[in-house]
Amino acid sequence: MSDLFEIVYVSQANEDFLPGELFKILEAARRNNTRKGITGLLLSDGMSFLQILEGSEGAVDTTFNRIRTDKRHRNVTVVRRGPIESRAFSEWAMGSVQLERFKDHVPGLKQISEIAAREDLDFERVRSLITDFQRGRFRQYVE
Ligand SMILES: Cc1cc2nc3c(=O)[nH]c(=O)nc-3n(C[C@H](O)[C@H](O)[C@H](O)COP(=O)(O)O)c2cc1C
């Protein structure tokens, strides 16, 4: 059994969320995650987030507990929490995709904020989008 773990969640940015705050979040995330051996991906479109955290169970849980009480977002909804075989984003302490930069010319990207905003989250759709970022057509947009 692998001792690697992941948490995937979606959330909505608070109304007063400013674009510059994403930069601050990524700065803190990369600093802390590097220290804790966490890697992952943060998708954002200014209104919603979809984040994948991967690492040891303890590190992932501790980090997620800090994130979920962050006042910059709300409606934090866990899509998956469980073991993984290997890291999908090992190159990134926290990879970032700012969807608003790509969504008009990349079919499919638009759906993410719709998914995050929905009450009846469709886990299969989330999973298939993540796969596109893990090893599919969207991976080139991770920075
Ligand atoms: C959408 C979102 C994603 C975040 N992702 C991370 C993360 O991956 N790692 C992390 O340490 N903090 C993350 N944060 C920030 C934490 O909530 C918290 O502000 C930060 O960890 C505090 O770190 P500091 O005490 O070093 O400033 C995130 C916050 C938000 C709103």
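Student: What percentage of the 143 residues of the chain count as buried?

Tutor: The model is a predicted one, and burial is judged here by neighbour count: a residue is buried if 20 or more other C-beta atoms lie within 10 Å of its own. By that criterion, the share of buried residues among the 143 of the chain is 31%.

Student: Which pattern of helices and strands does the chain follow along the sequence?

Tutor: The secondary structure consists of four helices and five strands. Taken in sequence order, these elements give the pattern β-α-β-β-α-β-β-α-α.

Student: What is the radius of gyration of the chain, and what does the globule rule give for 143 residues?

Tutor: The C-alpha trace extends over about 40 × 30 × 30 Å along its principal axes. For 143 residues the globule rule gives 15 Å, and the value for the chain is close to this, so the chain is as compact as a globular protein of that length. The radius of gyration itself is 14 Å.

Student: Among contacts between residues at least 6 apart in sequence, what percentage join residues at least 24 apart?

Tutor: Two residues are in contact if their C-beta atoms lie within 7 Å. Of the contacts in the chain between residues at least 6 apart, the share joining residues at least 24 apart is 76%.

Student: Which element supplies the largest share of the shell around the ligand?

Tutor: The ligand is surrounded by 16 residues, the closest being Ala29, Asn32, Phe49, Asp70 and Arg72. By class, the shell holds eight nonpolar, five polar and three charged residues. Helix 1 (19–36), strand 3 (48–56) and helix 2 (57–68) each contribute at least two residues to it. The largest share, five residues, belongs to helix 1.

Student: Which residues of helix 4 are buried, and which exposed residues does the face turned away from them carry?

Tutor: The buried residues of helix 4 are Val126, Ile130 and Phe133. Viewed down the helix axis, they fall within an arc of 55°, so they line one face of helix 4. The face turned away from that buried side carries the exposed residues Glu124 and Arg135.

How values were computed: Residues are numbered from 1 along each chain as its sequence is written. This is a predicted model: local features need pLDDT of at least 70, side-chain atom pairs count only at pLDDT 80 or more; totals for chains, interfaces and linings use all residues. A residue is buried if 20 or more other C-beta atoms lie within 10 Å of its own, exposed if 12 or fewer, and partly exposed in between; C-beta atoms are placed from the backbone. The arc is that of the directions from the helix axis to the C-beta atoms. The radius of gyration is taken over C-alpha atoms; the globule rule is 2.2 Å times the number of residues to the power 0.38. A residue is near a molecule or strand if its C-beta atom, placed from the backbone, lies within 6 Å of it. Ala, Val, Leu, Ile, Met, Phe, Trp, Tyr, Cys and Pro count as nonpolar, Asp, Glu, Lys and Arg as charged, and the others, Gly among them, as polar.
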